[in-house]
Amino acid sequence: VRSAIRAATAGDAARWVQVEQAVSAMTPAQRSDPTWLYWQARALQARAATSPAQATALRQQARERLVQVADPLTFYGQLASEALQGRPPAPPPAPAPISESELVAAEVEPGIDRSLRLLALGWRSEAVREWNFTLSRTRPGGLSDRELLAVAEVACRREIWDRCINTSERTRQVVSLAQRYPTPFHDEVLAAAAEVGLDAAYMYGLIRQESRFLVAARSSVGASGLMQVMPATASWTARKLGIPYSPELLTDRATNLRIGAGYLKLVLDDFEGTQAMAAAAYNAGPGRPRRWREGRTVEAAAWAENVPFAETRDYVKKVLANATVYGHVLHRQPLALQRRLGDTIGPRVVSAPAEARDLP
C-alpha cells in the first residue's frame with residue numbers, strides 16, 4: 001500500500017485503485033487503523049473524480065472514513081479534519097478545572113501514593129510500573145476520566161511530566177491540552193529557539209517525543225537530556241556554533257537545549273526548511289532522509305508514510321502533530337498540519353545550497 005501511495009501521489013493516478021483494493025484486503029483490525037482509513041478515503045476520492053456515475057456514492061464513502069479518522073491531535077486526524085472542513089480543526093474544549101477534593105482523592109489513592117514515594121527514593125522504573133498498574137487495574141475499566149485528570153494534575157504540579165502526559169492521554173471523552181502538551185522550561189526553550197531562529201512549537205514537539213521533558217533522560221545508545229543529543233553530535237554542534245561545552249554539560253538543561261536547538265536548526269536549514277525531513281534526520285541521521293527523498297516528487301504525507309524505518313516513520317508523524325498542537329498552545333495558531341508539512345517532497349533542487357555533508 002505504501003508503494004502504491006507513493007506512486008499515486010507522484011502522478012500515477014492508476015495506482016489509487018491498488019491503494020483502495022489493498023486496504024480492502026487487510027484484516028478488519030488493520031482496516032480500522034487511521035493510516036489506512038485516511039489513504040483509502042483518498043483513493044475513493046480519486047476514483048470519484050474519474051467515475052461520474054459513482055461519484056456521489058464514492059465521495060460519501062470517503063467522507064465516512066475521514067470522519068472516523070478526524071482528530072485535532074494526531075497526524076492523520078489533523079489531515080482528515082482539514083480535508084473534511086476545508087480549514088484546520090478546532091482544538092478540543094478544555095475540561096472543567098480539577099477541584100481540590102478531586103486532587104486530594106488522587107494524591108491519597110494508595111497506588112499513586114506508593115508511586116510518589118518510590119519516585120522520591122529515586123526508584124523511577126518501580127514507580128512507573130506502580131503508577132501504570134494503578135491507572136488500569138485499580139478497578140474494573142480503570143479510572144474514570146475525571147479521576148485520570150486529577151491524577152495527571154498531581155503529576156503536573158510535581159513536574160513529573162512523563163506521568164502527567166501519559167495519564168492525561170488515557171482519558172476517553174475529555175482532553176486537557178494543558179496536561180497533554182505542557183510547556184516546561186518555557187523561557188529557556190523559547191530563548192534557545194530564538195537564539196538560532198527556530199520555531200519554538202517545532203522544538204517543543206520534538207522534545208515531547210524525545211524525552212517527555214525528563215531532564216535526566218538517557219537512551220540505550222547514549223543520547224542524553226531533554227533533546228536526547230548524542231555526545232559526538234553535541235561536541236560537533238558546540239564547536240560549530242561556538243557554544244561553551246564539555247562532556248559533563250550534556251545533561252545540563254540550558255546547554256542541552258542550546259545544543260539541541262542549534263543542531264535541529266542546522267538540520268532544518270540543510271533540508272530547506274522541510275520539517276518532516278529534518279525530524280527524520282534528527283532521529284535517523286541526515287544521510288538517510290537524503291536518500292529517501294530521491295526519485296519522483298511525492299506528497300509530503302506520502303513521503304512521511306514511506307519512511308522505511310518504522311520507528312522513524314512514527315517519530316516524524318508524532319513530532320509534526322505535536323508541533324501543530326504546540327503552535328496553538330504557544331501562539332494560538334490554527335491546528336494546520338498541512339501548512340507545517342508542506343505540499344511535496346522530492347529531490348534537492350539544483351538551485352539549493354550544497355548539502356552540509358559534515359552534519360553528524
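A disulfide is a pair of cysteine sulfur atoms within 2.5 Å. The close-ups below come from a predicted model.

**View 1. The disulfide of Cys156 and Cys164.** By the 2.5 Å rule, the count comes to 1 disulfide. Its partners are Cys156 and Cys164, with their sulfur atoms 2.0 Å apart. The link is right-handed, with 50° about the S-S bond. Buried means under 20% relative accessible area. Cys156 has a relative accessible area of 11%, so Cys156 is buried. Cys164 is at 0% relative accessibility and therefore also counts as buried.

**View 2. Thr171 in the loop between helix H11 and helix H12.** Helix H11 spans 161-168 and helix H12 spans 177-180; Thr171 sits in the loop between them. Is Thr171 buried or exposed? Thr171 counts as buried, because its relative accessibility is 8%. Two backbone oxygens are shown with the Thr171 side chain. The backbone oxygen of Ser168 lies 3.0 Å from a polar atom of that side chain. For the backbone oxygen of Val174, the distance to a polar atom of the Thr171 side chain is 2.6 Å.

**View 3. Contacts of Thr171 beyond its sequence neighbours.** Residues up to four places away in sequence are not counted here. Which residues does Thr171 touch? They are Asp145, Leu148, Leu149 and Arg180. Arg180 lies within the 177-180 span of helix H12.

**View 4. Aromatic pairs, with Tyr38 and Trp39 as one example.** The structure holds 10 aromatic pairs. In one of them, the rings of Tyr38 and Trp39 have their centres 5.1 Å apart. Their planes stand at 80°, so the pair is edge-to-face. Tyr38 and Trp39 are both buried.

**View 5. The tilted pair of Tyr204 and Phe213.** Tyr204 and Phe213 form an aromatic pair at 6.0 Å centre to centre. The angle between the planes is 55°, and the pair is tilted. Both Tyr204 and Phe213 are buried.

**View 6. An aromatic cluster that includes Tyr38 and Trp39.** Which residues form the cluster? Trp16, Tyr38, Trp39, Phe75 and Tyr76 form one aromatic cluster.

**View 7. Arg208 over the ring of Tyr181.** What sits over the ring of Tyr181? The charged end of Arg208 does, at 4.3 Å from the ring centre.

Technical notes:
Residues are numbered from 1 along each chain as its sequence is written. This is a predicted model: local features need pLDDT of at least 70, side-chain atom pairs count only at pLDDT 80 or more; totals for chains, interfaces and linings use all residues. Side-chain values use heavy atoms; hydrogens and water are left out. Buried means under 20% relative accessible area, exposed over 50%, partly exposed in between (1.4 Å probe, protein chains only). Helices (H or I, at least four residues) and strands (E, at least two) are DSSP runs, numbered from the N terminus. A polar contact is a pair of N or O atoms within 3.5 Å; within protein, one must be able to donate a hydrogen and the other to accept it, and residues adjacent in sequence count only if both atoms are side-chain atoms. Contact means heavy atoms within 4.5 Å. Rings of Phe, Tyr and Trp (its six-membered ring) pair if their centres lie within 6.5 Å; planes under 30 degrees apart count as stacked, over 60 as edge-to-face and the rest as tilted. A charge sits over a ring if NZ of Lys or CZ of Arg is within 6 Å of the ring centre and within 35 degrees of the ring normal.
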